[in-house]
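User: I would like to learn how to read a few local features from a model. Can we take them one at a time?

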Amino acid sequence: MNVTRVMRSRPGLLALSLLLAGCAVGPDYQPPQAQTPGSWRDLASQAASKPQSSAINPSWWRSFNDPQLNSLVDRAIAGNLSLQQAVLRIAGAREQLSQARGGLFPAINGNVSARRQQLGAKGMLESSGAYDQLDENAPELRSSLDSLTQPINLYQGSFDASWELDLWGKVRRQVETANAQQQESIESRNDALVSLEAEVARAYLQLRGAQSITRTLQTQIDVAQQTLELTQSQQRNGLAPQLDVENARAQLSSLRAQLPQYQAQARQAMNGLAVLTGKPPGALDSELMAGKTLPALPPAVPVGIPSTLARRRPDIRQAEANLHAATANIGVSVAQLFPSLSLTGQLGVRNTDASYLDNWSSHFYSYGPALSIPIFQGGRLVSSVKLARAQQASSALNYRQTVLTALQDVENALVSYRTDQERVTQMDETVSALQNSFDLASDSYRKGLSTFLDALDAQRQLAQAKQQAEQARMQSSLDLVALYKALGGGWENYQNVALPQFNVFGPATPAS
């Protein structure tokens, strides 16, 4: 192509600019392929609640069939302050994207000025001998020359325009980087949403678990109280020694001593739920104080397949967006190695008399291209490219590590869920056997066929087994929450959450 001939015509210049504008240096982003196994290793479970390789429910907390838990999750999503901060970060990322896109368009500025200035023209005329050459008999000419060298008022109004052509795709790569960073902020919000849902469910289940254990302990305390009263009655009638009374009293005190820790757990869980919903501690006490049973586990737990994990877990999607931004940033750094071409222009009016500015003879203009070529930067530009490539390689490794960690989280959660369910089954069988043992021991003691220590020991073992069974049941519920969190579900139905409304003269206020 004869570039000189093309540059002679305006259409040719435009065509050449568009041709060069289609070039974007740096590597094009290619989505990474997550290396995942074909199936989960720990799906073989004989428990009542079995994981299955079907698509997970985005609203997984509803599988507990507890309306109060559903309400708490909805209120937390609407009022949690940390989640609102994550949403604000999305708004900030969107504005950064708008700023990056602005680089694709010309910048136009308007200027108005009024200045009084002394140009020093008289000194230059005197030094050049202009006054010496004037005829002394021509005072009018000298007076006119003096008037031209006096300070003047200069009035000016103009428009300036500049446009750097995106020849090497630097601005487009900056837009690509900002777009990826916006997606990273969105996935950060999604990750915060998943964590919030899991924290609400976890706190609620801990509350109900602590209340269930408290009720179990209270039942055992009532039985121990009856045993103490019976023993005291027998001691007064000479049918039991004082030693049996003290042992019964010690058993009752031991059970009562366990109550405060579970009462504290319940109180702390209620405070945590209040804060998670954006309210001060204690705001939900009246609603949650009444004890309820621990929600039953769902009969089936859909966990999906490993290949879908990378598309579902927000932290993996966030790592991928970070890799995309790092890849695009290489193009930005490479483009800085090449010349930059800018088109500039200025149009305005200028005069020493403000009333004469509307006369076209006062106008001035200038336009033309400006080429900037980097020649020597002390290695700064080359180092910038190397740094961008190193950051891109680090982001790629971070993506792979995030995928491996996610797979580990799910596998560990499956193991914990299965083994704790097996523990619940065994503990229920233990409670049933110890209940029979306690009933037999108590009946034998009343009939004088066994000692009081036998009945007391059976009561102690039963109380411990019931407490451990409730703890195992609560832990199984918490394991299920951890499993759902590891699977990354729960954000899909909340992609249209309204962004906060910004006031440029004041603080941001969340949208209703």
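User: Is asparagine 65 buried or exposed?

Analyst: A note first: this is a predicted model. Asparagine 65 is exposed, because its relative accessible area is 67% and the cut-off for exposed is over 50%.

User: Where is asparagine 65 found?

Analyst: Asparagine 65 is in the loop between strand 1 (50-52) and helix 3 (67-79).

User: What is phi of asparagine 65?

Analyst: The general idea comes before the case. Most residues other than glycine have a negative phi. Asparagine 65 has a positive value, near 55 degrees, and is a residue other than glycine.

User: Next, aromatic rings. How is a pair of aromatic rings described?

Analyst: By the distance of the centres and the angle of the planes. In this model the count comes to four aromatic pairs. In the pair of tryptophan 60 and tryptophan 61, the ring centres are 5.6 Å apart and the planes are at 80 degrees, so the pair is edge-to-face. The cut-off for that class is over 60 degrees.

User: Are tryptophan 60 and tryptophan 61 buried or exposed?

Analyst: Tryptophan 60 is buried, and tryptophan 61 is buried too.

User: Which residues do ring pairs link into a cluster with Trp60?

Analyst: Trp61 and Tyr484 are linked with Trp60 into a cluster by ring pairs.

User: Which residue lies over the face of phenylalanine 364?

Analyst: Arginine 350 does, at 3.9 Å from the ring centre.

User: Now helix packing. At what angle do the axes of helix 7 and helix 12 cross?

Analyst: Roughly 165 degrees. The axes of helix 7 (residues 170-236) and helix 12 (residues 314-335) come within 8 Å. Angles over 145 degrees count as roughly antiparallel, so helix 7 and helix 12 are roughly antiparallel to each other. Their crossing is left-handed. The contact of helix 7 with helix 12 has eight nonpolar, 11 polar and eight charged residues.

User: How do the axes of helix 4 and helix 7 cross?

Analyst: They cross at roughly 170 degrees, and the axes of helix 4 (residues 81-102) and helix 7 come within 9 Å. Helix 4 and helix 7 are therefore roughly antiparallel to each other. By class, the contact of helix 4 with helix 7 has 14 nonpolar, six polar and four charged residues.

User: Why is isoleucine 213 classed as buried?

Analyst: Because the relative accessible area of isoleucine 213 is 1%, and buried means under 20%. Isoleucine 213 has its place in helix 7.

User: How far apart are isoleucine 213 and glutamine 258?

Analyst: In sequence, isoleucine 213 and glutamine 258 are 45 residues apart. In space, they are 9.9 Å apart, C-alpha to C-alpha.

Methods
Residues are numbered from 1 along each chain as its sequence is written. This is a predicted model: local features need pLDDT of at least 70, side-chain atom pairs count only at pLDDT 80 or more; totals for chains, interfaces and linings use all residues. Side-chain values use heavy atoms; hydrogens and water are left out. Helices (H or I, at least four residues) and strands (E, at least two) are DSSP runs, numbered from the N terminus. Buried means under 20% relative accessible area, exposed over 50%, partly exposed in between (1.4 Å probe, protein chains only). Rings of Phe, Tyr and Trp (its six-membered ring) pair if their centres lie within 6.5 Å; planes under 30 degrees apart count as stacked, over 60 as edge-to-face and the rest as tilted. A charge sits over a ring if NZ of Lys or CZ of Arg is within 6 Å of the ring centre and within 35 degrees of the ring normal. Axes are lines fitted to C-alpha atoms, for helices over the stretch in contact, and angles run from 0 to 180 degrees between N-to-C directions. Angles under 35 degrees count as roughly parallel, over 145 as roughly antiparallel, 65 to 115 as roughly perpendicular and the rest as oblique. A crossing is left-handed if the near helix is turned anticlockwise from the far one by less than a right angle, and right-handed if clockwise. Ala, Val, Leu, Ile, Met, Phe, Trp, Tyr, Cys and Pro count as nonpolar, Asp, Glu, Lys and Arg as charged, and the others, Gly among them, as polar.
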